[in-house]
Amino acid sequence: MNQDNYFEEALKIRNLLEEFVVKDHGLRLPTILGVREHVFTGSVSSLAWFMSNQEGSFVTLGQRVLARPLKVRMHYGHPDVFDRVFHITRGGISKASQIINISEDIYAGFNSTLRQGNITHHEYVQVGKGRDVGLNQIAMFEGKVAAGNGEQVLSRDVYRLGQLFDFFRMLSFYVTSVGFYVCTMMTVLTVYAFLYGKAYLALSGIGAQLESRAQITSNAALQSALETQFLFQIGIFTAIPMIMGFILEQGPLKAVVNFVTMQLQLASIFFTFSLGTRTHYFGRTLLHGGAKYRATGRGFVVEHIKFAEIYRLFARSHFVKGLEIVILLLIYMVYGYEDSTVGYILMSFSSWFLAISWLYAPFIFNPSGFEWQKTVEDFGDWTNWLLYKGGVGVKGEESWETWWDEEQSHMQTLRGKFLETLLSLRFLFFQYGVVYRLHAADSSTSLRVYGVSWVVLIAIVLLFKIFTFSQKTSVNFQMFLRLFQGTVFVLLLAALALLIVLTALSFGDIFASLLALIPTGWAILSIAITWKPVVKRLWLWKSIRTIARFYDAAMGMVVFFPIAILSWFPFVSTFQNRLLFNQAFSRGLEISQILSGKPADA
């Protein structure tokens, strides 16, 4: 067992090994001796502090309760001591599959428990352990663990444990392993169900009718119930284990001070962002399988991460979902039935907080994320990556096309493709709901209005193909193409002006139509990617790739624009450095040397 520079702890090893023959741990002798961990990387930055506190509550208080009285502690990391003879004579310490058993640590605990072993926890020995200190590292680590839990749900080991445990021990095992990730996913799905339900009530007019009847009868029960959930959506209850760990380890006063300090350093944004990471990778593994090991490096990463790298890592897991929630909230704000601004704020505050956390947490916690020079360099690097052609030997870090192809590699099974298609159909809801609320629809409920919206969508796609068509041919053809594109653009503006003057179409309708048709285009794009072989046979794959590049470019610009605005103000970067490296500043550490990679005595 690696003691990680704690010589005093190494002197206790003899006492610890004696636990293998002590008979006061239950019916059977211990087969795995668990000890507590000391996460020593918490002082590197605020992110590292959040991670160390989160891990600290689990590796001390959490594992202590899992071992006794719940008796469901497994193996979670390197500090544990194994009875080697017991394990190598019962199938080995762990499993061999690099996909199903990606969380190889916990399968050692499954293996020991299934073979009548006994896993204990001991507080008098602690082992030092370094955790990830950069947001990208933390996200990759949590993604690996979440995907590993998705594979555990599908594994025979968890099935057998569920069959063999008694009812109460089975519930304890569930809530402390895969149940945590199921609960996390259900939390996010509940937010989606709530927002789609509110958007449906707003667009269908049912919500306005319910509100008017409630006002007539002076019945405010529904409104009060919906506004009360604001208190619970803050998510403070998820921090209870960490607070209890603070109280036990440091005392009540220090616990309160630490918790308030963490909130001032935007810990809620970090934990909300982690919620999205766990949900995405856990859900994707349940749908498609194929979990992958993600090397995080565990190094002291306090350097600036480029925008392109952040975009590659979080585009599908956070940015797409964050923008979907923003569109739902905008629709509810425009077409909703709230009679006061306060009511809308109470109803949607936590959802806005969730969306903003998912969109901008990587940049808030990115060193020098709002420094103007680095922002300009990041934008140039991102555009070069976006426009660079892929090919043989080109990596995803160099070309958008290669990265885009890699992002689709998890879609392998027919079942997963059908479920992915079914989930993508939710984006069609926006178009169906919004087109009937346009002034040009004139309160009509005919299907003809919906059909016309699809004609408009097809026309937009054709115009997009016309304006993006660029073939390397003769100079005369290029001149004719530019003339044709210019003529189409002028005619398009004239047609829009005539429609606004001669019909009920308004400028608001144009923006609302874009709000409705953009999700429809994403739905078609997602379904086409899911059924890639079919689309290739139809000779449409090149067009789908062009549209996908446009969507990624537009999404990147939406995310990047506020960062560029904030980068104009020098005090934002100064405030961010204070926020990230507060403890380092208090010790007189030169942050500029850390960011530049220079040694302290340089």
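Glu-397 sits in the loop between helix H17 (372–387) and helix H18 (400–406); helices are DSSP runs of H or I with at least four residues, numbered from the N terminus. The model is predicted: local features need pLDDT of at least 70, side-chain atom pairs count only at pLDDT 80 or more, and totals for chains, interfaces and linings use all residues. Residues are numbered from 1 along each chain as its sequence is written, and side-chain values use heavy atoms, without hydrogens and water.

The relative accessible area of Glu-397 is 53%, so Glu-397 is exposed (exposed is over 50%, buried under 20%, partly exposed in between; 1.4 Å probe, protein chains only). Together with Glu-303, Glu-309, Glu-398 and Glu-406, Glu-397 forms a patch of negative charge on the surface. Patch residues have over 30% relative accessible area and no salt bridge, with like charges joined within 9 Å and nonpolar side chains within 5 Å. A salt bridge is a side-chain nitrogen of Lys or Arg within 4 Å of a carboxyl oxygen of Asp or Glu.

## The nonpolar patch

Phe-467, Phe-489, Val-490, Leu-492, Leu-493, Leu-496 and Leu-499 make a nonpolar surface patch of about 580 Å². Helix H22 (residues 475–502) gives the most to this patch, with six residues. Leu-496 is found in helix H22 and is partly exposed, at 32% relative accessibility.

## Annotated transmembrane regions

An unreviewed UniProt entry annotates transmembrane regions that include residues 343–365 and 447–467; such annotations may be inferred rather than shown by experiment. Residues 343–365 are 96% helix and 0% strand, with end C-alpha atoms 32 Å apart. Residues 447–467 are 100% helix and 0% strand, and their end C-alpha atoms lie 31 Å apart.

Conventions
Helices (H or I, at least four residues) and strands (E, at least two) are DSSP runs, numbered from the N terminus. Accessible areas come from the Shrake-Rupley method with a 1.4 Å probe; for residues, only the protein chains shown count as cover. Lys and Arg count as positive and Asp and Glu as negative; His and the chain ends are not counted. The place of a charge is taken as NZ of Lys, CZ of Arg, CG of Asp or CD of Glu.
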